[in-house]
Amino acid sequence: MDRYLVFGHPVRHSKSPFIHTLFARQTQQELEYGLAEPAVDEFAQALRTFFDQGGKGCNVTVPFKEQAFTLVDRLSPRAKRAGAVNTIKLTDDAVLLGDNTDGAGLVADLKSHGVTLADSRILLLGAGGAARGALAPLLAELPSELVIANRTHAKAQQLAAEFCDLGHVTAQTYEQLAGSFDLVINSTSASLQGELPPLAPALIHTDIAIYDMMYGASDTAFISWAKQHGARQIMDGLGMLVEQAAEAFTVWRGIRPGTKQVLRELKRNLGVI
């Protein structure tokens with residue numbers, strides 16, 4: 001039976017085995033999907049061992065995405081652009097192909113919620129790996145402007161310069177932010193610590209769409225804050241998790257699973273519904 005894994009540290013909380021087991025059942029694919037939590041300095045060896053022992057593909061999560069980028073034989077265009085790899089496939093010619101499905105998963109989830117990206121003004125909070133993976137797919141939807149705001153302004157400036165060939169991308173400090181945004185995406189991990197990006201409440205209005213890439217059984221700190229200040233369309237990252245997994249499954253198996261039922265099952269598993 002074909003074997004797949006998710007590598008991370010920590011990774012025991014991962015819902016990827018649950019999601020991919022449902023995808024396999026739905027598409028009648030025979031595979032098994034497990035977890036691997038190597039020490040931070042042992043990832044390269046663990047990855048080699050997995051494929052040497054017959055592994056067919058894997059997902060890669062924190063903190064190994066940038067390292068995976070350097071370990072594969074070939075990069076997809078979106079992985080090359082993101083500078084990070086979250087999906088690896090052993091090809092028929094024994095090449096390790098690195099891909100990045102995060103941004104595609106985000107855009108698919110936004111669209112499933114009816115969010116219009118074309119000609120919209122988007123604010124992206126954070127300039128780390130999650131933001132990097134999201135930028136090219138977001139800009140491919142042709143927003144009128146995408147503003148990156150980050151606590152370390154130089155990182156936001158660097159990211160904006162790197163992606164400015166794909167669209168109108170600017171970098172601003174949190175204090176500089178002004179005007180009306182159609183969509184705010186929180187790509188920072190602040191919600192995991194119950195913290196908030198230093199965003200002015202005045203930026204929130206009733207017609208804005210709010211998206212937090214983090215998720216949990218209850219509202220994240222950022223989502224709670226946005227609700228308190230009048231935002232009505234609010235989404236967490238659970239749908240992105242399922243959509244990026246579906247994209248990875250398609251890379252591996254050549255068949256795209258449906259996501260709506262799997263997302264419902266995942267919410268039930270987490271006690272969200």
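In the predicted model, strands β1 (residues 2-7) and β3 (residues 57-60) run parallel and are joined by four bridges; strands are DSSP runs of E of at least two residues, helices are runs of H or I of at least four residues, and both are numbered from the N terminus. Within this pair, Tyr4 has Gly57 of β3 as its bridge partner. Both strands belong to an open sheet of six strands with mixed pairing, in the order β2-β1-β3-β5-β6-β4, where pairing requires at least two bridges found by DSSP between two strands. The edges of the sheet are formed by β2 (31-36) and β4 (74-75), each of which pairs on one side only. Helix α2 (residues 43-52) packs on this sheet, touching β1, β3, β5 (87-90) and β6 (96-99), and its direction makes about 170° with that of β1. Contact is defined as heavy atoms within 4.5 Å; axes are lines fitted to C-alpha atoms, for helices over the stretch in contact, and angles between N-to-C directions run from 0 to 180 degrees. Helix α9 lies across β1, β2, β3, β5 and β6, running at about 10° to β5.

Helix α9 (residues 238-253) also meets helix α10 (residues 260-270), the two axes coming within 10 Å and crossing at roughly 130°. The helices α9 and α10 are therefore oblique to each other, a class holding the angles left over once those under 35 degrees (roughly parallel), over 145 (roughly antiparallel) and 65 to 115 (roughly perpendicular) are set aside. Leu238, Gly239, Leu241 and Val242 of α9 make the contact with Val262, Leu263, Leu266, Lys267 and Leu270 of α10.

A further open sheet of six strands has parallel pairing and the order β9-β8-β7-β10-β11-β12. Its edge strands are β9 (169-172) and β12 (233-235), and the twist averages 15° from one strand to the next. Strands β7 (residues 121-125) and β8 (residues 145-149) pair over five bridges, with Leu146 of β8 as the bridge partner of Ile122.

The largest nonpolar core has 28 residues, and Leu146 is among those with the most contacts inside it. Such a core is a set of buried Ala, Val, Leu, Ile, Met, Phe, Trp, Tyr and Cys residues joined through side-chain atoms within 4.5 Å, buried meaning under 20% relative accessible area with a 1.4 Å probe, protein chains only. Helix α6 gives the largest share, five residues.

Residues are numbered from 1 along each chain as its sequence is written. Local features need pLDDT of at least 70 and side-chain atom pairs pLDDT 80 or more, whereas totals for chains, interfaces and linings use all residues, and side-chain values use heavy atoms, without hydrogens and water.

Key:
Buried < 20%, exposed > 50% of the residue type's maximum accessible area, 1.4 Å probe, protein only.
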